[in-house]
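Here is a short note for your review. Please read it next to the model.

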Amino acid sequence: MFGRRGNDDGNRSTPGFRPLATTPAAQPADTLVAPRPTAPSAAAPVAPPRRVEPSPSFAQERKPQQRERSESYYDTKSQVFSALIDTIDLSQLAKLDPDSAREEIRDIVNDIIAIKNFAMSIAEQEELLEDICNDVLGYGPLEPLLARDDIADIMVNGAKNVYIEVSGKVEQTSIRFRDNQQLLNICQRIVSQVGRRVDESSPICDARLPDGSRVNVIAPPLSIDGAALTIRKFKKDKLTLDQLVKFGAISPQGAEVLKIIGRVRCNIIISGGTGSGKTTLLNCLTNYIDRDERVITCEDSAELQLQQPHVVRLETRPPNLEGEGEVTMRDLVKNCLRMRPERIIVGEVRGPEVFDLLQAMNTGHDGSMGTIHSNSPRECLNRIEAMIAMGGYSLPQKTVREIVVGSVDVIIQAARLRDGSRRITHITEVIGMEGDVIITQDLVLYNIKGEDQNGRLIGQHVSTGIGRPHFWDRARYYGEEARLATALEAMEKSAD
């Protein structure tokens with residue numbers, strides 16, 4: 001069968017996979033490539049009838065049964081996997097398309113199970129087949145988690161502990177890796193796809209999956225109990241502001257205000273804590289950029305999924321083994337200014353590059369956007385000042401604040417509440433200075449009123465009663481003043 005090895009020494013192995021000793025019941029590797037026997041023979045023993053258990057009971061007792069048989073299941077899987085690696089020709093398998101390769105592996109694994117006389121239910125055998133296919137072709141035990149669209153984060157703390165975040169709450173799963181080496185191999189497989197590496201000499205790495213999901217790996221010796229892998233998943237269907245309204249993240253009138261803010265090229269900073277939905281909100285706002293605008297994005301690992309046709313995506317690069325070749329976020333933002341951008345979008349502002357972003361906002365690149373980690377609009381402004389100071393700029397405080405006021409138009413605050421829900425809590429304008437103090441005004445606030453019997457917080461987005469925002473003239477320039485007035489008026493009525 002195509003993809004299997006011919007007669008060789010049978011001792012090859014794949015890096016990272018630890019072959020187990022062959023059990024007395026196992027046959028030599030060269031017998032594993034024989035076609036499935038149709039009648040009893042001395043050369044190839046016939047497997048006894050498989051023990052079939054009712055699938056409903058297996059599904060109902062899945063968790064307790066998995067706990068009881070977990071060690072024997074993984075021991076069986078290791079033996080089958082070891083025999084598969086000795087049998088299959090990986091170089092030939094690599095030439096097949098994914099579906100054909102998966103079918104080839106399933107056929108060989110079925111033969112191995114029959115020859116070694118493993119007593120397994122149909123459901124257990126199907127689970128084993130799927131696990132081994134994922135190990136060889138995909139991301140191993142992570143595959144079923146990556147396929148689920150309701151998971152926001154996957155957190156792997158060594159080979160035995162895998163946690164996920166669902167609906168804002170963290171829960172432990174029964175998924176585990178064979179050992180820490182298999183986990184590290186999968187981490188290396190992920191980061192190598194974007195030209196990066198993770199090993200003892202470079203134990204920290206940021207990368208991404210093909211769908212844009214963000215990946216962080218920290219490997220031994222920095223991570224003591226095995227590699228720590230964190231994946232921030234993105235939904236397969238890209239979210240829009242209208243969907244955020246359905247989830248309650250923003251009111252319909254507030255969403256209308258956000259659409260206008262994105263359309264009229266206000267300079268926007270999205271502020272929020274970790275996991276508050278900043279990148280998701282940034283993706284949503286970019287939907288309202290005109291399709292004839294040239295947009296350039298700068299990110300540490302490319303996460304943004306813009307829908308416009310004219311987008312240039314830039315990504316930072318870590319230093320090589322000699323400590324050379326690093327390209328920082330600041331280098332990218334500086335280079336953007338030479339690429340004739342109409343809007344510059346910085347995925348996450350963490351350091352001195354904030355000064356270059358502010359300069360870009362101030363020099364004709366209206367509608368630029370970025371995200372910052374902070375817990376309130378006022379704290380966001382303080383963080384911007386602190387990051388400018390990190391760059392070594394010896395500017396007077398008042399000058400720095402004048403630059404901020406002249407650059408940033410709107411701060412949108414996102415938050416993850418204690419019940420796990422994500423809400424836009426502030427839409428705040430930066431309107432000017434009085435003396436040395438930056439003056440802001442809130443357009444929309446989220447007021448928490450209490451919680452229901454299930455512990456879910458109940459709140460409402462309310463207008464602060466401002467009928468003419470500071471960006472009114474900009475809205476009029478783009479012909480959006482009537483829509484803005486209607487949205488603000490409807491928000492005041494809904495608050496009443």
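1. Helices (H or I, at least four residues) and strands (E, at least two) are DSSP runs, numbered from the N terminus. This is a predicted model: local features need pLDDT of at least 70, side-chain atom pairs need 80 or more, and totals for chains, interfaces and linings use all residues. Residues are numbered from 1 along each chain as its sequence is written, and side-chain values use heavy atoms, without hydrogens and water.

2. The largest pocket has a volume of about 1100 Å³. A pocket is an open set of points on a 1 Å grid over the protein atoms alone, where a 1.4 Å probe fits, with protein on both sides within 12 Å along at least five of seven lines. Volume is the space filled by probe spheres set on the points, which are joined across faces, edges and corners.

3. The lining (residues with an atom within 4 Å of a point) counts 44 residues. Nearest the centre lie Lys235, Leu239, Gly277, Thr280 and Arg422. Elements giving two or more residues include strand 1 (151-157), strand 2 (162-166) and helix 10 (278-286). Helix 10 gives the largest share, 6 residues.

4. The lining divides into 12 nonpolar, 16 polar and 16 charged residues. Nonpolar means Ala, Val, Leu, Ile, Met, Phe, Trp, Tyr, Cys and Pro; charged means Asp, Glu, Lys and Arg; the others, Gly among them, are polar.

5. Strands 1 and 2 pair in the antiparallel sense over 5 bridges (pairing needs at least two DSSP bridges). Ile151 has Val166 of strand 2 as its bridge partner. The two strands form a hairpin with 4 residues between them. Gly158 in the turn has a positive phi of about 80°.

6. Strand 1 also pairs with strand 6 (residues 228-232), antiparallel, over 5 bridges. There, Val156 stands opposite Leu229.
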